[in-house]
There are 2 protein chains.
Amino acid sequence: MSDRKLFELCGTDEARRFSPYCWRVRLALAHKGLDAETVPWRFTEGEAIAFAKSATVPVLIDGDTAVADSWAIAEYLERTYPDRPALFPGRPSALRFIASWADRVVNAGLVKLIVSDIPSLLAEADRDYFVSSREKRFGMPLAEVTRDREARLPEFRASLQPLRAVLMQQPFVAGEEPDYADYIVFGGFMWARVVSPLKVLEESDPLHAWRERMLDLFGGLARRVPAREGS
Amino acid sequence: MSDRKLFELCGTDEARRFSPYCWRVRLALAHKGLDAETVPWRFTEGEAIAFAKSATVPVLIDGDTAVADSWAIAEYLERTYPDRPALFPGRPSALRFIASWADRVVNAGLVKLIVSDIPSLLAEADRDYFVSSREKRFGMPLAEVTRDREARLPEFRASLQPLRAVLMQQPFVAGEEPDYADYIVFGGFMWARVVSPLKVLEESDPLHAWRERMLDLFGGLARRVPAREGS
């Protein structure tokens with residue numbers, strides 16, 4: 001039993017935690033050397049996290065403190081555990097740009113490749129909620145959103161070029177060792193790996209090698225989660 | 001007279017210094033509170049910087065040390081003047097990603113909008129060199145590269161969305177105060193401002209307001225340079 005609990009999104013299988021934002025926090029906790037019990041959370045369990053004044057996970061409970069939102073949680077961890085390895089290079093604001101890019105390029109690109117794979121992971125009530133809310137967001141059936149996805153992979157991979165160039169110069173986004181910059185970006189790739197059989201990265205891609213290094217961190221914390229991706 | 005000299009790219013008018021990479025360094029020097037005499041440098045003056053084993057500017061001479069390449073110069077300044085305001089948040093590698101993005105999205109986008117405006121700033125020998133080398137790179141006349149540029153502005157502006165979102169949250173890319181992250185990105189916009197009448201940013205754009213703040217830094221260091229942009 002840990003003093004800390006992390007509400008993490010999952011489907012019918014509790015092991016398949018797939019939220020990109022929960023992964024950012026799970027790796028941030030590991031980076032700080034902090035454990036936290038997973039509380040499995042599903043899309044229709046809003047009341048379970050209402051205490052944190054949030055409608056979405058991740059939500060962290062740390063002793064008497066509850067914090068929602070992955071960015072706020074990372075800042076909280078950095079502030080509360082300053083003597084443990086730093087998540088941010090100096091100040092959190094220095095990573096705002098990569099977070100913005102990861103949301104708008106990586107995650108926004110991935111969702112159009114993998115969103116139709118998610119419903120089959122979910123129990124019925126969650127599935128109904130997920131499909132109707134996402135179909136409303138995209139204005140079309142989810143199968144339409146991901147249609148021709150193999151043909152669109154080259155464009156998605158090309159959009160990652162600014163990241164790829166960095167990972168040809170240094171092993172992690174942050175430099176010689178990973179920090180929250182890496183966890184921000186990796187969250188999206190972990191999401192894709194857990195929910196979709198689509199191979200979003202080619203094995204020859206320097207990004208693939210980086211993802212392998214990320215899967216190996218903290219004793220294979222992320223690699224232990226069942227992957228749907230064929231690779 | 002300063003102990004430091006910075007070779008900066010210019011055209012026939014020495015005041016119109018326009019290289020995005022020279023601007024990164026000029027602002028990095030100002031950030032550190034260091035002066036440096038400008039040595040005007042033109043495309044065909046390769047022999048003048050051969051001592052630094054470089055074919056391009058910026059080249060900095062600081063006492064007995066010569067450093068070429070904007071990134072190497074910024075690292076040199078941070079290492080050599082550690083007691084002055086920090087250029088990097090913690091470690092230089094933390095800014096590799098934004099530099100990669102600025103080169104591949106901002107500067108690569110801008111060149112296709114403004115490259116045909118550059119020859120008229122240059123003396124004849126430089127102009128011949130510039131036009132033939134750039135036409136070779138693009139495989140077409142420069143007027144073709146920038147054709148229909150007004151129609152392509154919305155796409156370029158949309159590509160800046162990850163940066164725009166950050167600047168709606170905080171006044172500078174780095175946070176409350178600018179650092180080298182800001183100078184990296186601003187270099188491209190300064191280049192466009194000096195060489196081209198094209199209004200690359202709308203006045204209502206949060207990026208425009210940020211660019212104004214950047215132009216005001218260090219007593220209006222960048223604003224004092226003659227602009228071609230109509231704004």
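1. A word on conventions to begin with. This is a predicted model, in which local features need pLDDT of at least 70 and side-chain atom pairs count only at pLDDT 80 or more, while totals for chains, interfaces and linings use all residues. Residues are numbered from 1 along each chain as its sequence is written, chains are lettered from A and ligands numbered from 1 in the order in which they are written, and side-chain values use heavy atoms, with hydrogens and water left out.

2. The chain interface involves 23 residues of chain A and 23 residues of chain B, contact being heavy atoms within 4.5 Å. About 1900 Å² is buried between the two chains, with 63% of it from carbon and sulfur atoms; buried area here is the accessible area (1.4 Å probe) that two parts lose on being put together, summed over both. On the chain A side, Arg96(A), Phe97(A) and Pro162(A) supply 31% of the area buried against chain B, more than any other three residues.

3. Two salt bridges cross this interface, each a side-chain nitrogen of Lys or Arg within 4 Å of a carboxyl oxygen of Asp or Glu. In the pair Arg91(A) and Asp179(B), the closest N and O atoms are 2.6 Å apart. Helix 3 (96-114) and helix 7 (161-167) of chain A each supply at least two residues to the side touching chain B, and helix 3 of chain A gives the most, with seven residues. Helices are DSSP runs (H or I, at least four residues), numbered from the N terminus.

4. Contact joins 20 residues of domain 1 of chain A to 29 residues of domain 2 of chain A, and about 2300 Å² is buried between them, 71% of it from carbon and sulfur atoms. Arg24(A), Phe43(A) and Trp71(A) lose the most area on the domain 1 side, together 33% of what that side buries.

5. Which residues form the salt bridge counted between these domains? Asp103(A) pairs with Arg24(A), their closest N and O atoms being 3.0 Å apart. Helix 1 (20-31) and helix 2 (70-80) of chain A each give two or more residues to the domain 1 side, and helix 1 of chain A has the largest share, eight residues.
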